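The chain and its model come first.

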Amino acid sequence: MKPVSLIQFLIEERRAGRINAELSLLIEVVARACKRIAVATNKGALGGVLGEAGTGNIQGEAQKKLDVISNEILLEANAWGGHLAACASEEMEDPQPIPDMYPKGNHLLMFDPLDGSSNIDVNISVGTIFSVLRCPDGVVEPKAEHFLQPGTTQLAAGYVVYGPATVLVLTFGHGTHEFTLDREVGSFILSRRDIRIPEETGEFAINMSNQRHWEAPMQRYIGELLAGKEGPRGKDFNMRWVASMVADVHRIVTRGGVFYYPLDAKIKDKGGKLRIMYEANPMAFIIEQAGGAATTGRERILELQPTGLHQRVPVFLGSKKEIEVATHYHLEADGAQG
Ligand code: FDP
């Protein structure tokens, strides 16, 4: 079959009336910026891009040089195209307005420019995550409050994994699709259309070092997985944990599985570890569109009303039936308490 490039795919989506010209351009620009980030990450030590930037981001986390470079690449690429009203990044406190000299569009773009960045220096996959919202009508200078829309309103979401291959996974709310970068040609080529995540799985991802800090239902649930065939689940489970969310999610999008970053006593005050706007919402959209499920352990992530640009939430996502079991344990424990 003739290869379908990302550009062709976007034209098809436009013809089918699923996206407009502005959103198509936005995705093209983000994909182009991600190709530049792929080049920078691929150079590794030779590009002088490894190590700490010597600065901290809004969350007080140390920034890597590549965090800063990736953020700049995405901001610069998106400023002038005329498709955005503003963008917001995990690395910046406030939304970035579009400079006055450029035309403005109707979309809001959010991104985590380099997710899993603690893995850059050890040559493990990292990635970019992004989400697109419509700018509310009549808003000329969008502020943080205008980004605070539930995940169900996302027009598009995607991530790019910079791994052995550079892979883009994308949804507009009509299925989840995968594109692989052909480095010689410089184009993303459709490699999987309408991805389906198996509903059942025997593979889970979680940072087990936090086990003693988890809530009781999480302790029970993971305890039962670890008990394997002899335990109440009657089945052996395998564990994988890359500690780059994009890589862990991409494994799930490829062969099923579940990913958990639950609440624990250490992060309770923050509400969780992962950010709703830059990580939880886009990944939840992608996973649901591939037939999986995404909850906080209690509620569907996409229905949460965000209260802050950098708000954090617990994240449970992946193979539907398994997420239902883990979520049920939490709701059951809440019911027993209440
Ligand atoms: P990182 O801090 O390296 O950017 O987004 C945060 C994240 O990575 C996720 O990609 C990853 O799943 C998680 O944190 C890893 O957390 P642990 O430190 O608990 O392993």
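## Helix packing

Helix axes here are lines fitted to C-alpha atoms over the stretch in contact, and angles run from 0 to 180 degrees between N-to-C directions. Helices (H or I, at least four residues) and strands (E, at least two) are DSSP runs, numbered from the N terminus. This is a predicted model: local features need pLDDT of at least 70, side-chain atom pairs count only at pLDDT 80 or more, and totals for chains, interfaces and linings use all residues. Residues are numbered from 1 along each chain as its sequence is written, and side-chain values use heavy atoms, with hydrogens and water left out.

Helix H2 (residues 21–43) packs on helix H3 (residues 65–79) with the axes 9 Å apart and an angle of about 150 degrees. H2 and H3 are therefore roughly antiparallel (under 35 degrees is roughly parallel, over 145 roughly antiparallel, 65 to 115 roughly perpendicular, the rest oblique). The crossing of H2 over H3 is right-handed (near helix turned clockwise from the far one by less than a right angle; anticlockwise is left-handed). Contact means heavy atoms within 4.5 Å. On H2, the contact residues include Leu26, Val29, Ala33 and Ile37. On H3, they include Leu66, Ile73, Leu74 and Ala77.

## Aromatic pairs

Rings of Phe, Tyr and Trp (its six-membered ring) pair if their centres lie within 6.5 Å; planes under 30 degrees apart are stacked, over 60 edge-to-face, the rest tilted. The count is six aromatic pairs. Trp241 and Tyr261 form a tilted pair, 6.1 Å centre to centre with 55 degrees between the planes. The pair links distant parts of the chain, 20 residues apart: Trp241 is in the loop between strand S12 (238–239) and helix H6 (245–255), and Tyr261 is in strand S13 (residues 258–261). Trp241 is partly exposed, at 27% relative accessible area, while Tyr261 is buried at 12% (buried is under 20%, exposed over 50%, partly exposed in between; 1.4 Å probe, protein chains only).

Tyr260 and Phe316 have ring centres 5.0 Å apart and planes at 85 degrees, so this pair is edge-to-face. Tyr260 in S13 and Phe316 in strand S17 (residues 315–318) are 56 residues apart. Both are buried. Ring pairs join Tyr221, Tyr260, Phe316 and Tyr329 into a cluster. Arg220 lies over the face of Tyr329, 3.7 Å from the ring centre (CZ of Arg or NZ of Lys within 6 Å of the centre and within 35 degrees of the ring normal).

## Around His330

What does His330 touch, beyond residues up to four places away in sequence? The partners are Glu215, Pro217, Met218, Gly297, Arg298 and Phe316. His330 sits in helix H8 (residues 320–337). At 1% relative accessibility, His330 is buried.
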